[in-house]
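Reader: Could we go through this structure together? I would like to start with the terms and then move to the details.

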Amino acid sequence: MTTWRDLEDEAARWAEAGRAADLWWRDDDAANAGPSLDRLLAIHRDTGVPLALAVVPAKATAALAERLAREPGVDLLQHGYAHVNHAAALEKKIELGLQRPAMLVLGELGTGRMALERLFGRRPLTVLVPPWNRIAPALVPTLPEIGFTGLSTFGLRQRSHPVKGLLAVNTHVDLIDWKNQRFVGEAVALGALVSALSRARTSGEPIGMLSHHLAMDAEAWDFLRSMWQRATKLPGLRLCPAHGLFGAEGEGGG
Ligand SMILES: [Zn+2]
């Protein structure tokens with residue numbers, strides 16, 4: 001059973017080596033303002049941990065834009081287009097797959113980018129977060145051509161750049177047990193975090209925490225808040241904003 005003590009020990013290993021692990025926070029499915037979003041933003045504000053919000057372009061409202069105008073420090077990412085599943089009955093859910101012509105899927109992403117710009121101006125990063133963390137590999141090489149410089153899914157990345165001009169920065173800890181629609185539990189969440197951090201000691205990969213403000217139960221909310229409260233006090237962890245992790249790409253960095 002992984003405990004908070006294990007997280008402290010892992011952070012200490014980084015600190016003893018004179019290093020700090022890059023840790024970041026992504027929250028998905030933002031579309032409208034409301035109490036859940038306010039609750040999320042309160043944790044961001046109270047703990048000072050940088051937050052990246054993946055916004056669904058086709059569902060994003062003017063009320064969301066107004067609410068986020070008051071939170072200029074929050075990074076915005078593009079969460080697919082409409083978060084609509086196009087998979088066949090027994091396939092895993094996917095919006096950005098090959099069930100439809102590639103030109104149509106990529107065209108939607110361009111329309112989505114324009115929808116975000118209408119609401120948020122130039123603020124959204126050119127980073128794509130595929131709904132259900134899934135995208136057909138055949139579509140990935142075209143992403144830089146339509147303006148994306150970053151891609152964020154779930155799990156250890158295979159390479160830092162899936163294709164030239166596209167940086168992958170993923171998430172590794174999902175707070176929700178989707179099958180049972182509840183918090184995965186402290187030991188599971190901490191286990192995923194500690195294991196990802198320990199692998200990052202050799203790979204250098206930034207490690208991401210994934211939350212869903214519209215789907216969390218009380219236990220998930222409690223964990224999220226106490227985890228960030230603790231993480232900000234651990235010397236071997238560096239809490240990074242998405243614009244910092246992805247930012248070098250826009251300046252032509254490797
Ligand atoms: Zn989503």
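This is a predicted model: local features need pLDDT of at least 70, side-chain atom pairs count only at pLDDT 80 or more; totals for chains, interfaces and linings use all residues.

Reader: Understood. How many residues of strand β10 are buried?

Author: Strand β10, residues 207-211, is mostly covered, with five of its five residues buried.

Reader: And which residues lie on each side of β10?

Author: On one side are I207, M209 and S211, and on the other are G208 and L210. Each of these is buried, so both faces of β10 are covered. In a regular strand the side chains alternate between the two faces of the sheet.

Reader: Which strands are joined to β10 by bridges?

Author: Strand β1, residues 21-30, is joined to β10 by five bridges, and the two run parallel. Strand β7, residues 173-174, also runs parallel to β10, with two bridges between them.

Reader: What is the bridge partner of R26 in β10?

Author: That partner is L210. For V173, the bridge partner in β10 is M209.

Reader: Let us change topic to helix α1. What is its length from first C-alpha to last?

Author: Helix α1 covers residues 4-16, which is 13 residues, and reaches 18 Å from its first C-alpha to its last. That is close to the 18 Å expected at 1.5 Å a residue.

Reader: Which of its residues are buried?

Author: The buried residues of α1 are L7, E10, A11 and W14. They cover an arc of only 95° around the axis, so they lie on the same side of α1.

Reader: What covers them?

Author: The cover includes β1, α5 (186-203) and β11 (237-239).

Reader: Which exposed residues are on the face turned away from that buried side?

Author: That face of α1 carries the exposed residues R5 and E16. Just after α1, G18 takes a positive phi of about 75°.

Reader: Finally, the whole chain. How many helices and strands does it have?

Author: The protein chain has seven helices and eleven strands. Its radius of gyration is 18 Å, close to the 18 Å that the globule rule gives for 254 residues, so the chain is as compact as a globular protein of that length. Along its principal axes, the C-alpha trace spans about 50 × 40 × 40 Å.

Reader: What percentage of the residues count as buried?

Author: Of the 254 residues, 39% count as buried. Among contacts between residues at least 6 apart in sequence, 70% join residues at least 24 apart.

How values were computed
Residues are numbered from 1 along each chain as its sequence is written. Helices (H or I, at least four residues) and strands (E, at least two) are DSSP runs, numbered from the N terminus. The radius of gyration is taken over C-alpha atoms; the globule rule is 2.2 Å times the number of residues to the power 0.38. A residue is buried if 20 or more other C-beta atoms lie within 10 Å of its own, exposed if 12 or fewer, and partly exposed in between; C-beta atoms are placed from the backbone. Two residues are in contact if their C-beta atoms, placed from the backbone, lie within 7 Å. Two strands pair if DSSP finds at least two bridges between them. The expected span of a helix is 1.5 Å times one less than its number of residues. The arc is that of the directions from the helix axis to the C-beta atoms.
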